[in-house]
Amino acid sequence: MATRTGWMMLLGALAIALAGCSHPPKTNGEIDVKPDIPRAREAQSNLLELGRETGFPWLSFLPRDAAEFPEYFEGLDADQKRRLRLGPKDEPESRALFEFKLPLGAKVWAVDWYGSDLQAVDLEGLPGFSVALAKGGGDPAVIPDRVARLRAALLEAKGARTTVTQEGNRVAVYTGEKSLEACYGVRELRGHTGVWLMVVEWRRVEDEAAPALERVLKGADAILGGISVRRELALEGSPKHKCTSSLDDLLRGNLVFPGGTLHLPLKPGQLARKVGGDSTIQVDGQGAKPWFLLRRLKEVEDASGLRARLRADTTLSRRIGKAGAQFGAGQRLQKARLPIVVFDYADSDADQQALGVVAVGSELLTLELVSTGLRDGEARREAREAALELLKDANSLQVETHDLRTLAGWNPGTMGRDD
């Protein structure tokens, strides 16, 4: 028994030694995390709390964004992932992927401050920066001024004498005889669907001498200048979306699907965007958001014919189940450059809507005309007609391989009982 116990102890010691070899202890101050899932560390400042004290509504980056949304971080190492942040957490309709291109030698990590995430940055030889996300709109200079004056008030409460100076969107807080204590700046980022503010704070690290203001301002400007919108999710959607259109393609109305490209001749004020994680294209315009939706009609293994395939469609099934659902018989869209069949639709909650099918190369796209946000009947009618006119002028370079004649004169609401 003693021999067996000895062997067990030896094996246990060997396992511990091997584990130590596979995960060597950190000796350079870096956090020990899995390389693909960076985790939050302590904040360098109570910047977010100061903002809340001023009544300013901070936003938050998404915690564990690389772990929860891996499709946006595929092929990147841990350091590259730390330099990409997804946000805002609570406003998915205006969410973006922000990139931090920082000076050489900079270190960056996520910070969780009681449920809100910001980004901490140490520049080489100049630590102590924090970057917070805020909602755009109004005068950006208001934020650094409010936060700086609250920081000064807190310092004075501890007995310090303070001075606050402002130059443009940059505000500095001094204590005593011009000893720099904190510095704030802001940059507005404008996308096609959102406006965000990046607020940077530098705060003197305890027990370190105060650097010159010019050096801190140069560092703050380098950080703010290096932040950009890498991907505007509310417009560009998921990287795994079936529509592979680039941002420029979308803005021109070019919708690239595996089996064909649909060109929508969008006018000023009209916008096509990828939404969801599959194939939905949302088109906004005429004061409606969404105005209408386009989706790939999925293949159905046991569907015999186009009608059966359409009946199995999720959108159509959902509409058929609505209270008071009424469909019109399928009508070929006259003078359209592509094969398009449209069904009038109304239910107890909606009117002036339509469903349809658009043939683009080897693709079949479903049309759902909803005109969300328009309550006036005349405005809804005008939006419906404008959408159909836009679709009439839509075109594709590919030759259509689907014949939609079987849908003309057919009422999907009867589920085939009138065949």
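Tutor: Please keep in mind that this is a predicted model. A search of the whole structure finds one cavity of 30 Å³ or more. The volume of this largest cavity is about 90 Å³. Its lining consists of Arg295, Leu310, Asp313, Thr315, Leu316, Phe343, Leu355, Gly356, Val357, Thr366, Leu367 and Glu368. Two or more residues of the lining come from each of α10 (314-320), β19 (350-360) and β20 (363-369). Sorted by class, the lining of the largest cavity holds six nonpolar, three polar and three charged residues.

Salt bridges that share partners join Arg295, Arg318, Arg319, Asp347 and Glu368 into one network. In the whole model, the count comes to 30 salt bridges.

The side chains of aspartate 349 and lysine 322 meet in a salt bridge, with 3.7 Å from N to O. Aspartate 349 lies in the loop between β18 (340-347) and β19, while lysine 322 lies in the loop between α10 and β16 (326-327); the pair links distant parts of the chain, 27 residues apart. Aspartate 349 counts as exposed because its relative accessibility is 63%, whereas lysine 322, at 35%, counts as partly exposed.

A second pair may be set beside this one. Aspartate 284 forms a salt bridge with arginine 273, and their closest N and O atoms are 3.0 Å apart. Aspartate 284 belongs to strand β14 (residues 281-285) and arginine 273 to strand β13, so the pair ties together parts that are 11 residues apart in sequence. Aspartate 284 is buried, with a relative accessible area of 7%, and arginine 273 counts as buried at 6% relative accessibility.

Arginine 149 and aspartate 145 meet through their side chains in a salt bridge of 2.9 Å, N to O. These residues are about one helical turn apart because they are separated by four residues in helix α5 (residues 142-157). Arginine 149 is partly exposed at 46% relative accessibility, but aspartate 145 is buried, with a relative accessible area of 19%. The value for aspartate 145 is counted as buried because the term applies under 20% relative accessible area.

Key:
Residues are numbered from 1 along each chain as its sequence is written. This is a predicted model: local features need pLDDT of at least 70, side-chain atom pairs count only at pLDDT 80 or more; totals for chains, interfaces and linings use all residues. Side-chain values use heavy atoms; hydrogens and water are left out. On a 1 Å grid over the protein atoms alone, a cavity is a set of points where a 1.4 Å probe fits but cannot get out, and a pocket is an open set with protein on both sides within 12 Å along at least five of seven lines; lining residues have an atom within 4 Å of a point. Grid points are joined across faces, edges and corners, and a volume is the space filled by probe spheres set on the points. Ala, Val, Leu, Ile, Met, Phe, Trp, Tyr, Cys and Pro count as nonpolar, Asp, Glu, Lys and Arg as charged, and the others, Gly among them, as polar. A salt bridge is a side-chain nitrogen of Lys or Arg within 4 Å of a carboxyl oxygen of Asp or Glu. Buried means under 20% relative accessible area, exposed over 50%, partly exposed in between (1.4 Å probe, protein chains only).
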